[in-house]
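Hi,

Here is the structure I promised you. Have it open while you read, and my notes follow below.

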Amino acid sequence: MASSSNKSITDISYIINELGEERENYFRAIAPPIMQTSNFAFEKVDGMRKAFEDEYSTFLYSRGLNPTVKILSQKLAALDGAEDCLVFNSGAAAIFAAVLANVKSGDNIVSVDKPYTWAQKMFNDILPRFNITTTYIDGRNIENFERAILPNTTLIYLESPNSWDFAIQDLAAVAALAKSEGIITICDNSYCTPLYQQPIEYGIDLVLQSATKYIGGHSDVVAGVLCGSSSMIKKIFESEYMNIGSGIQPFNAWLLIRGLRTLPARLDRITKTTQQVLSYLRSHQKVESVIFPHDENFPQFELAKQQMKGACGLLTFIIRANTVYDIEKFCENLKHILMAVSWGGHESLIIPRCSSITVDEFDSANAEHRMIRLYVGLEDPDYLINDLGQALENMNNA
Ligand SMILES: *Cc1c(COP(=O)(O)O)cnc(C)c1O
C-alpha cells in the first residue's frame, strides 16, 4: 500500500524472497516480525495530524496499515502486475469490498453464471435491497456480454476459470468491451493464482483471489487479495476497506508471506501430479469424462492455453454410477483423500456434486449430478492414484 508502482517488478524469486522486506529494521532476521499491534505512537502532534489526514500511507491503527501486512501486500501486488493491493480477512470480504466500491443505487451488474457462492449471494440477496440488479450470462461467449450490457451497467463480474466446470472468459475481449462502455471489470482469479494468469495484463481493472487456497497453501488461513491501480485501491482503502474492517490480521499475513515462499514449488509439483492423476482417471472405465481447462477435450482448450500459463490441482470428473449410493460409497471408501470444501492446501480433497442435492433429486441421467470435484495436493502421485483406484473398484459392492 502507498508503494510506488510495482509494474516493473517481474522476477518472481525477487518478489517472493526480498520485495518489501526491510531486514535492517529488524535485526536482519530472515523471517519478518509479526507486528502484533493495534496502534502506533507519535512523538509530535504534527505527525499524528498527518496520519489522520492520510491513513493510507501512515501507520496509525492496524485496521488500516500494518507493517507485516504491508510486506505481504507489496509482494501480492507485484505478483499480479498491479500497482497496489489490499489483503482481507477472507476472499469473500475482498469480493464484497470490490463490488460495493463500484456500484450505487440504480446500477446493474453483468456477472458470469454461477460465480463463487458468496458473490452470488451478495448479488441475489444483499444488493437488490439497494436497488442494484444483476444479470447473469454464459461468459464463454463475448456476444453475451454485448447483449447483456444495459445503459445502467457499471460493473462486469468475472471468474475465470469457474471452480466447478472451469468455464472461462476471454479476458482481453471482455476488458476491451468494458473499457469502450466505461464499465469497471472485476475478475476472481483464485483458480490460477497470479503465477498462472494475470488478468491485469489483459486490461481487467480489479483482480481478486481467495488467498485461503494456493497462497496460504496449508489449509490454516482464511484470507483474500484485491489488486488494481493505485487510485482504485486507495479509494477502496479509504472507504470500504476501513469501513468493513475486515483487513487481514498480522499473524495471518505472516502465514501468507510464509506460504508465498513455496508457492512456485508447490504449483510445479501439483501441476505434475495432476497430469498423472488425470491420465489415470481418463483411462478408468468407471470415469465417463474429465473436465480440466488444459485438457485437449476441454471445450475452451484453445483459449485456456492462450490465456492461462498453467492449470493445476483442481479438476472435475464425471463418475459412472446408476445410483447416488454408488457415488456415496466411492467417496466414503477413500482412505487418504479427504471429503472437504476448499482447496489449494497440502492435502487432496473431493466434493461430490450430489452432496448439494437431496437423495430424491439425484438423477443418474444428469451428468452434473455425477460430478466429483477433486483437488490434487502435495502427496505422492501413486498414493493418490491407489486411493482413487481402490475406491472406484469397490464403489458398487454393497
Ligand atoms: C474460496 C473461494 C472464494 C472465497 O474465498 P474465502 O477465502 O473462502 O472467503 C472466492 N472465489 C473462489 C473461486 C473461491 O474458490
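Helix α4 (residues 91-100) contributes the most to the shell around the ligand, with 3 residues. Helices here are DSSP runs of H or I with at least four residues, strands are runs of E with at least two, and both are numbered from the N terminus. Before you go on: this is a predicted model, where local features need pLDDT of at least 70, side-chain atom pairs count only at pLDDT 80 or more, and totals for chains, interfaces and linings use all residues. Residues are numbered from 1 along each chain as its sequence is written, and side-chain values use heavy atoms, leaving out hydrogens and water.

Back to the ligand. Around it are 14 residues, and Ala-92, Asp-188, Ser-210, Thr-212 and Lys-213 come nearest; "around" asks for a heavy atom within 4 Å. By class, that shell has 6 nonpolar, 5 polar and 3 charged residues. Nonpolar covers Ala, Val, Leu, Ile, Met, Phe, Trp, Tyr, Cys and Pro, charged covers Asp, Glu, Lys and Arg, and the others, Gly among them, are polar.

Which atoms does Thr-212 bring to an oxygen atom of the ligand? An N or O atom in the Thr-212 side chain, 2.6 Å away. Ala-92 instead has a polar backbone atom 2.8 Å from a ligand oxygen, and for Ala-223 a backbone N or O atom lies 3.5 Å from one. On its own the ligand exposes 380 Å², and the protein buries 90% of that (areas by the Shrake-Rupley method with a 1.4 Å probe).

On a 1 Å grid over the protein atoms alone, a pocket is an open set of points with protein on both sides within 12 Å along at least five of seven lines, a cavity is a set where a 1.4 Å probe fits but cannot get out, and lining residues have an atom within 4 Å of a point. The largest pocket has a volume of about 850 Å³ (the space filled by probe spheres set on the points, which are joined across faces, edges and corners). Its lining has 36 residues, with Tyr-116, Thr-117, Ser-163, Trp-164 and Arg-373 nearest the centre.

There is also 1 cavity of 30 Å³ or more. The largest cavity holds about 40 Å³ and is lined by Gly-216, His-218, Asp-220, Leu-255, Arg-258 and Gly-259.

A cis peptide bond, with omega about -10°, joins Ser-160 and Pro-161; Pro-161 is in the loop between β4 (153-159) and α7 (171-180). Phe-27 is not a glycine, yet has a positive phi of about 60°.

Cheers

Conventions:
A polar contact is a pair of N or O atoms within 3.5 Å; within protein, one must be able to donate a hydrogen and the other to accept it, and residues adjacent in sequence count only if both atoms are side-chain atoms.
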